[in-house]
Amino acid sequence: MQIVVCSNCGAKNRVEESRLETSEAKCGRCGEKLTGDHDSKPVVITDQTFEREALQTRGRPVLVDCWAPWCGPCRMIGPILDELAAESQGRYRIAKLNVDENPQTASRFQIASIPTMLIFKDGKLIDRLIGAQPKQAIAERLQLATRFAA
Ligand SMILES: [Zn+2]
């Protein structure tokens, strides 16, 4: 048995490993499909999936890294965000949004410089980090966000 945190509603589910492998496992609270390592990597989001991936996640924060491939500091924080995602254990989600390919979301949140990291919780923008930051600083803001009550 393994405890898997639902990527949609944050509920903790007790699941047999064999059912995760065959992806038959569903969240007991909301019915979302459960995957064992769903949040161990940053999820790539677009203008089309932003609403669902960032705003409809309930119960835990979503950090959206707004970046572009030509941006040096963005490339520096990329590996940091990979590590934070790997260490998340269901407490938060890490997402990446390419601002060149997704201008709608970038302008909606007035991204003036990159990298900008937006932290959402329960559908609300609750924090914003501008510029490259050390891992510890990002981890602290995520920690604050997990305790934030909307
Ligand atoms: Zn769920």
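Two residues are in contact if their C-beta atoms, placed from the backbone, lie within 7 Å. With that in mind, let us turn to the chain before us, which is a predicted model.

Let me begin with the overall form. The chain has 150 residues, and for that number a compact globule would have a radius of gyration near 15 Å; the chain has 15 Å, so the two agree. Along the principal axes, the C-alpha atoms fill a box of roughly 45 × 30 × 25 Å. Of the 150 residues, 31% count as buried.

Next, the secondary structure. The chain comes to five helices and seven strands. Read from the N terminus on, the elements follow the order β-β-α-β-α-β-α-β-α-β-β-α.

The domain assignment divides the chain into domain 1, residues 1-37, and domain 2, residues 43-147. Taken over C-alpha atoms, the centres of domain 1 and domain 2 are separated by 24 Å. How many residues does each domain give to the contact? Domain 1 gives four residues and domain 2 gives five residues. On the side of domain 1 that touches domain 2, there are two nonpolar, two polar and no charged residues.

As an example, Cys66 touches several residues beyond four places away in sequence, including Leu97, Ile111, Thr116 and Leu118.

Where is Leu34 found? Leu34 is in the loop between helix H1 (17-21) and strand E3 (43-45). Why does Leu34 count as buried? A residue is buried if 20 or more other C-beta atoms lie within 10 Å of its own. Leu34 has 22 C-beta neighbours inside 10 Å, and therefore counts as buried. Not counting residues up to four places away in sequence, Leu34 touches Val4, Cys6, Asn13, Val15, Leu20, Ala25, Lys26 and Cys27. Of these contacts, consider Cys6: Leu34 and Cys6 are 28 residues apart in sequence, yet 6.1 Å apart in space, C-alpha to C-alpha.

E6 is mostly covered, with six of its six residues buried. Thr116, Leu118 and Phe120 point one way from E6, while Met117, Ile119 and Lys121 point the other way, and all are buried.

What are the pairing partners of this strand? E6 pairs with E4 in the antiparallel sense over five bridges, and Asp65 stands opposite Met117 in E6. E6 also pairs with strand E7 (residues 124-130), in the antiparallel sense over six bridges. Here Thr116 has Ile130 in E7 as its bridge partner. E6 and E7 form a hairpin with two residues between them. In the turn, Asp122 has a positive phi of about 50 degrees.

Notes: Residues are numbered from 1 along each chain as its sequence is written. This is a predicted model: local features need pLDDT of at least 70, side-chain atom pairs count only at pLDDT 80 or more; totals for chains, interfaces and linings use all residues. Domain bounds come from an automatic or database domain assignment. Ala, Val, Leu, Ile, Met, Phe, Trp, Tyr, Cys and Pro count as nonpolar, Asp, Glu, Lys and Arg as charged, and the others, Gly among them, as polar. Helices (H or I, at least four residues) and strands (E, at least two) are DSSP runs, numbered from the N terminus. A residue is buried if 20 or more other C-beta atoms lie within 10 Å of its own, exposed if 12 or fewer, and partly exposed in between; C-beta atoms are placed from the backbone. The radius of gyration is taken over C-alpha atoms; the globule rule is 2.2 Å times the number of residues to the power 0.38. Two strands pair if DSSP finds at least two bridges between them.
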